[in-house]
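Hi everyone, thanks for coming. Let's take a look at a protein together, one piece at a time.

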Amino acid sequence: MRYIIIGAGAVGGSIGGRLAESGHDVVLVARGAHHAALRDHGLRLTTPEGTRVHRPPVVERPDELELRADDVLLLSVKTQDSTAALDAWSARPVAGGGSAGERLPLVCAQNGVESERLALRRFRHVYAMCVWLPATHVEPGVVSAGCTPYTGTLHIGRYPSGTDATAARIAADLEKSRLLAPVVPDPMRWKYGKLLANLANAVEAVSGRLVSDEARDLAARARAEGRAVLAAAGHDAVSEAEQDAVRANLSFDPYAVPEGGSGSSWQSLSRGTGTIESDYLNGEMVLLGRLHGVPTPVNEALQRIANTFARERRPAGSLPADELLRIIDAGA
């Protein structure tokens, strides 16, 4: 199987680098300065074991690559970029006939729960992947991942549910590449659990690490709203205890990531991308809350403020948590 990593940033770069390191056939897909750095200098992946440079093929667009019947498309762009990527790749022809959307498996290795629905409109064979892989990408061509002895845990299953031989083969390749990959029949249950944790991403993005009482209070309130929303919507989510049991298999080395490195939303602001995934994290709870009559004032405010930071390219972590708390309470 050849793995085409669509979005070779923090998560995609870590997975692609580990797969390449264990001898698997990998193609990295990236844009702009990151594409140029990967093409010219390779992927510089730092883990607790050290830094290695991997030089798999790199493309910027689908038409630069001839797709094969044994390809696996692994989508790891932010959800706000999913539609464009899915449209671009689904119609591409595959050697031997048919299109990628008809023939190839597509794995959604992303935060949130929306990309799978978007993918299933375009791809026949969709797999959900719950990603727990602390990694940082703030410099073109450079990715750091801080967990050991495994780089991350990637629960995988068919979407909307079930398992099959393809999921098992992908998981086996990942396990050989220092990535835990449990095959589960209910991957969305894991993704909803991760979504609850990700509701704090906006707090971290605009105010920095969750070290103050104010930041922790906001994170707890956002998650409390999320649990109420999921209960009203009838969505099951894994418990924190279940997640902790899996994470106990990994140890995080803070010295393996750049000083100040934080979560994916913080990294988006740090790179000045102009977009952030809060519409599909906090915004998912806002959507479900409106559908099921559950108030979500904290998540609404975090979604709005994070989007403003991204749109105006404000520095990550530049709004003190006590000020953020005052703004949210004033509007609640």
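This is a predicted model: local features need pLDDT of at least 70, side-chain atom pairs count only at pLDDT 80 or more; totals for chains, interfaces and linings use all residues.

Residues are numbered from 1 along each chain as its sequence is written, and side-chain values use heavy atoms, with hydrogens and water left out.

Let's start with Trp89, which sits in helix H3, residues 82–90. Helices (H or I, at least four residues) and strands (E, at least two) are DSSP runs, numbered from the N terminus. Is Trp89 buried or exposed? Trp89 is buried, at a relative accessible area of 3%; buried means under 20%, exposed over 50%, and partly exposed in between, using a 1.4 Å probe and protein chains only. Leaving aside residues up to four places away in sequence, its contacts include Ile4, Val29 and Phe123, where contact means heavy atoms within 4.5 Å.

Now the sheet. Four strands make an open, mixed sheet in the order E4-E3-E10-E9; two strands pair if DSSP finds at least two bridges between them. E4 (50–54) and E9 (135–139) are at the edges with a single partner strand each, so one side of each has no neighbour in the sheet. E3 (residues 43–47) and E4 run antiparallel, joined by five bridges, and Arg44 has Val53 in E4 as its bridge partner.

Finally, the helices: Tyr192, Leu196 and Ala197 in H7 meet Arg223, Gly226, Arg227 and Leu230 in H9.
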